[in-house]
Structures are given as C-alpha cells and as structure tokens.
Amino acid sequence: MKTLTLTITQHSYFWKAMTATVLTAAALFCISSAAFADFEAGLRAFEKGNYTEAAMQWNTAAQAGNVNAQHNLGVLYEEGLGVDQDLLKAAAWYQKAAENGVPGAAYNLGSMYDEGIGVEQNYTEAAKWYTVAAEGNIVDAQFNLGLLYAMGQGVTQDYEKAYYWVNLASAAKDLSFEHLSECYQILEKLAPYVSPASIKKAEAAASTWWGSSEFASLQ
C-alpha cells in the first residue's frame, strides 16, 4: 500500500482560524417560557451591540437550562464581548450546549481542542466534537474532520474518510469560492489514494446529504 504524504500547510487550516465563531440565532429546543424570553432579550441586545446586556440575559437563560443561551454565552466568553474573556468558561458552556445537541457549540468546542485554545490541545477530543458538529451539518466541521482523518490526528489515518468528509463539505450550498477551492485542492491530493468506488460512494452521499446533485466530482 502506498503511503500518502499530504502537504497540508497552515493555510489549509484557514477555516479553523478564520471562520467566525458559530452563534445560535434561534431557539431549537423545548425550554421554559421564562428562559426563552431571556434568550430572546439577549438576542435583541446582541444585535444592537449591547453585549453586556446580552451576557446578563443569556447567563440567566443558560442557568435555567436554555442550551442555545449556553452556546451563545460561550461565544461571549471566548470573544470577550460583554464579559471579561475567559476561555475556560467558554469551553465549559460550549460543552454543556454540545452535550445537549447544539452542533455549533460542538464545532466551537472542537476548534478549541484542535488549536489548544483555552484547553490543552487534544486532537481526539477535537475529532469527537467535530464529528458531532459535522453530523449536524456544520460545514466547517466536516472540512476540519476530513483534515484530521487525512493526517491521522486524533483518529486513525483514513484517506477514504478524509475524502468523504471534505467532499461533503465541498457540496454545501453557498460555499465561498475560496472555501470551495480549498476543498478541491485537498480532494485532488487525496484522490489517487482513494478507490474509484469510494469516490463514487462519497459523491452519492454528498448528493443525498444536501439534497442536491451539485457536488464535487473528480471523475
């Protein structure tokens, strides 16, 4: 079996470094009316740039169990908006929300483990949370998870899984030209080490996943 030596430079990580932290803009779970009201009040304050008020409202809602407020409070702590920046608190709130099914929180937590920001760098944890987010349709998580499989970081190196996840990310609608180009560059490097059957399977999966026939094809 040939061994793949991927030249994946730091530039290939730009989705990790440049993608804005995912923020929850709508409540998706059954919560108390009071917690929902606090979440909505926080969202209105955030949209007006009143981050201190947003933090107060979301803290109240988060303590009451609103998972979207937990996620958004994590964003404020990570970015230092309306609160003193505290990466440990950011990670803690992300984890609470991620464990309760918020894909964006799982992506943000995975990114922190991936980069060693606020937590000890741990590719296994990064892969774990990227997987949760990727399965929740977070495109950046799909791309980053593919890179981890390509390099064998936190997971057993698997070029077919790497191809699968990067191809899935490339098939998302409204993808920027820069991101699409990055996907294609990675796919081109992986393709010689992935069987035609696996490529076809990945393309079919992407078509089904996004409900569109407009997806990357290397054939």
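Trainee: Among contacts in the chain between residues at least 6 apart in sequence, what percentage join residues at least 24 apart?
Mentor: This is a predicted model, in which local features need pLDDT of at least 70 and side-chain atom pairs count only at pLDDT 80 or more, while totals for chains, interfaces and linings use all residues. Residues are numbered from 1 along each chain as its sequence is written, and side-chain values use heavy atoms, with hydrogens and water left out. Contact means heavy atoms within 4.5 Å. For pairs at least 6 apart in sequence, the part that joins residues at least 24 apart is 57%.

Trainee: How many helices and strands are in the chain?
Mentor: Helices (H or I, at least four residues) and strands (E, at least two) are DSSP runs, numbered from the N terminus. From that end, the elements run α-α-α-α-α-α-α-α-α-α-α. The count is zero strands and 11 helices.

Trainee: How are helix 6 and helix 7 oriented to each other?
Mentor: Axes are lines fitted to C-alpha atoms, for helices over the stretch in contact, and angles run from 0 to 180 degrees between N-to-C directions. The axes of helix 6 (residues 103–115) and helix 7 (residues 123–135) come within 8 Å and cross at roughly 160 degrees. Angles under 35 degrees count as roughly parallel, over 145 as roughly antiparallel, 65 to 115 as roughly perpendicular and the rest as oblique. Helix 6 and helix 7 are therefore roughly antiparallel.

Trainee: By class, which residues does the contact of helix 6 with helix 7 have?
Mentor: Helix 6 gives Pro 103, Ala 106, Tyr 107, Leu 109, Gly 110, Ser 111, Tyr 113 and Asp 114 to the contact, and helix 7 gives Tyr 123, Glu 125, Ala 126, Trp 129, Tyr 130, Val 132 and Ala 133. Ala, Val, Leu, Ile, Met, Phe, Trp, Tyr, Cys and Pro count as nonpolar, Asp, Glu, Lys and Arg as charged, and the others, Gly among them, as polar. By class, the contact has two charged, two polar and 11 nonpolar residues.

Trainee: Is Ala 126 buried or exposed?
Mentor: Ala 126 is found in helix 7. Leaving aside neighbours within four places in sequence, Ala 126 is in contact with Gly 110, Tyr 113, Asp 114 and Leu 148. Buried means under 20% relative accessible area, exposed over 50%, partly exposed in between (1.4 Å probe, protein chains only). Ala 126 has a relative accessible area of 0%, so it is buried.

Trainee: How far apart in space are Ala 126 and Tyr 113, C-alpha to C-alpha?
Mentor: In sequence, Ala 126 and Tyr 113 are 13 residues apart. C-alpha to C-alpha, their separation is 5.0 Å.

Trainee: How is helix 8 oriented to helix 10?
Mentor: Helix 8 (residues 139–151) and helix 10 (residues 177–190) have axes 12 Å apart and pack at an angle of about 25 degrees. That makes the two helices roughly parallel.

Trainee: Which residues of helix 10 make the contact with helix 8?
Mentor: On helix 8, the contact is made by Asp 140, Phe 143, Leu 147 and Ala 150. On helix 10, it is made by His 179, Glu 182, Cys 183, Ile 186 and Leu 190.

Trainee: With which residues is Ala 162 in contact, leaving aside its neighbours within four places in sequence?
Mentor: Ala 162 is in helix 9 (residues 159–170) and is buried, with a relative accessible area of 0%. The C-alpha atoms of Ala 162 and Leu 190, 28 residues apart along the chain, are separated by 7.9 Å. Beyond its sequence neighbours, Ala 162 is in contact with Gly 146, Tyr 149, Ala 150 and Leu 190.

Trainee: Is Asp 174 buried or exposed?
Mentor: Asp 174 lies in the loop between helix 9 and helix 10. Although not a glycine, Asp 174 has a positive phi of about 60 degrees. With 82% relative accessibility, Asp 174 counts as exposed.

Trainee: What is the relative accessible area of Asn 137?
Mentor: Asn 137 is found in the loop between helix 7 and helix 8. Asn 137 is not a glycine, yet has a positive phi of about 75 degrees. Asn 137 is partly exposed, and its relative accessible area is 42%.

Trainee: Which residues do ring pairs link into a cluster?
Mentor: Rings of Phe, Tyr and Trp (its six-membered ring) pair if their centres lie within 6.5 Å; planes under 30 degrees apart count as stacked, over 60 as edge-to-face and the rest as tilted. By this rule the count is eight aromatic pairs. The cluster links Phe 39, Phe 46, Tyr 51 and Trp 58.
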